[in-house]
Each structure stands twice: as structure tokens, then as C-alpha cells.
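Reader: I've got a chain on my screen and a few things I'd like to ask about it. Could you walk me through it?

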Amino acid sequence: MNALHVTQARGRPVEHPADRRAALEAAFTRHDWTPVPAVGEGRVRLTEESADRLAGVAAELHPAFGGDVAALNRALVRHGAVPSLHGDPPVLAFHRPGTDLVDAWAADACTALAMVIGVGQGRRLRSCEADGCELVFFDVTRNASRRFCGLSCQNRAKATAYRARRRT
Ligand SMILES: [Zn+2]
């Protein structure tokens, strides 16, 4: 989601991979996500059009990390999210049987975010507070207190705050 949508990360403009389709296929394979039944031999194949639509889904889901529940509810409906058993032996998924790969991924992703929010953990869906960074993350700290996507943003924010204090 981060790689597809944000325009700046860790204080720098984001360079999107020249071949977004190949990058997405690699990411799906790496995370072992294949809609059920698997496309091909367990390897996800995307068209350019699907890659563009997936980038649109990433943009659609980004506001959920800022607590926009209404946007997430609209996305759940738009992508046909519904619990459904697929395959033999049956596997629980959250997209309709026979749906296309983009809607399948979107429905599964929307449902995962909705589950996090629905069990009272929505504050763990965060976006980085550092200037020049739009990355989103799932906060796994014990008291849900993480503010930055990583150390580089934390250090930059600290340095900015330090300089601001010295000026006053
Ligand atoms: Zn950041």
C-alpha cells in the first residue's frame, strides 16, 4: 500500500518502480497472497490495467489509517467484501468466488483493516507524523505509542524539534 500510493516517504519524494506490474507481482508472491483458486502455478500474474487499479485501491484505503471509517465502509461495499469459503479443502476468504484479482485483493485488504478497527485497535493503524512522510504502518508497540514509520523519520523529527527549540 505504501509503495503504490504515497508521494513522499522519509523526507524524500517516492520513486515508483519503473515496472510497477512486475514489482506488484513480486510483492504478492513474496507475501504468499494468491486469490483462491490460485492463478497459474501459485504465481500472481497482473496486467498493466490491474496494476493501475491496485494503485487506486491503495489510495482508497490510505484514509483508513487516519481513522476514516466511512471511506472504508464504502470500499467494503464497492469491492464486494463478503465472507466466503473457496476451494477444496475450503479456505475462508473475504471476496466473492470468481471475482477478479483486484477486487479480491481489495476486499481481503478492506476486511483486514475493518477487523483491526472493529476489535478496538483502530488507533494502531497510523500514518507517520514526520514532515515529508506519508507512509502508513500498523503499530505493534505495547501501548500503541509509535509515531513514526521508522528510525530515520524519528531521528529527523527529533533534529527538527531540537533546532526549533534552539531558535526560541
Ligand atoms: Zn516516516
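Predicted model: local features only at pLDDT ≥ 70, side-chain atom pairs only at ≥ 80, totals over all residues.

Reader: What pattern does the protein chain follow along the sequence?

Author: Start with the tally: the secondary structure comes to six helices and six strands. The C-alpha atoms of the chain fill a box of roughly 65 × 40 × 25 Å along the principal axes. Read along the sequence, the pattern is α-β-β-α-α-α-β-β-α-β-β-α.

Reader: Is α3 roughly parallel or roughly antiparallel to α5?

Author: Helix α3 (residues 48-61) packs against α5 with the axes 10 Å apart and an angle of about 20 degrees. Angles under 35 degrees count as roughly parallel. That makes the arrangement of α3 relative to α5 roughly parallel.

Reader: How many charged residues are in the contact of α3 with α5?

Author: On the α3 side you'll find Ser50, Arg53, Leu54, Val57 and Leu61, and they meet a set in α5 that includes Asp103, Trp105 and Leu113. By class, the contact has nine nonpolar residues and one polar, and the number of charged ones is two.

Reader: And what does the angle between α4 and α5 make of that pair, roughly parallel or oblique?

Author: Helix α4 (residues 69-78) and helix α5 (residues 101-121) have axes 10 Å apart and pack at about 140 degrees. Roughly antiparallel would take an angle over 145. So the angle makes α4, relative to α5, oblique.

Reader: Which hand does the crossing of α4 and α5 have, left or right?

Author: Here's who meets whom: Val69, Leu72, Ala75 and Leu76 in α4 touch Cys110, Thr111, Leu113, Ala114 and Ile117 in α5. Those contact residues divide into eight nonpolar, one polar and no charged. The crossing of α3 and α5 is right-handed, while the way α4 passes α5 is left-handed.

Reader: What is the arrangement of the donor atoms around the zinc ion?

Author: The protein donors are the SG atoms of Cys128, Cys133, Cys149 and Cys153, lying 2.3 to 2.4 Å from the zinc ion. In sequence, these donor residues are spaced C-x4-C-x15-C-x3-C. The four donor atoms subtend angles of 104 to 116 degrees, and that makes the arrangement tetrahedral.

Reader: Which residue does a cis peptide bond join to Asp88?

Author: Look in the loop between β3 (81-86) and β4 (91-95), where Pro89 sits. Omega is about 5 degrees for the cis bond, and the partner joined to Asp88 is Pro89.

Reader: Last one: what is phi of Arg10?

Author: You'll find Arg10 in the loop between β1 (8-9) and β2 (12-13). Arg10 is a residue other than glycine with a positive phi, and the value is near 50 degrees.

Key
Residues numbered from 1 in each chain as written. Heavy atoms only, no water. Axes fitted to C-alpha atoms, helices over the stretch in contact; angles between N-to-C directions. Helix = DSSP H or I, 4+ residues; strand = E, 2+ residues; numbered from the N terminus. Parallel < 35°, antiparallel > 145°, perpendicular 65-115°, else oblique. Left-handed = near helix turned anticlockwise from the far one by under 90°. Contact = heavy atoms within 4.5 Å. Nonpolar A, V, L, I, M, F, W, Y, C, P; charged D, E, K, R; others polar. Donors = N, O, S within 2.8 Å, 3.2 Å for Na, K, Ca; no water. Tetrahedral: all angles 85-135°; square planar, octahedral: opposite > 155°, others 65-115°.
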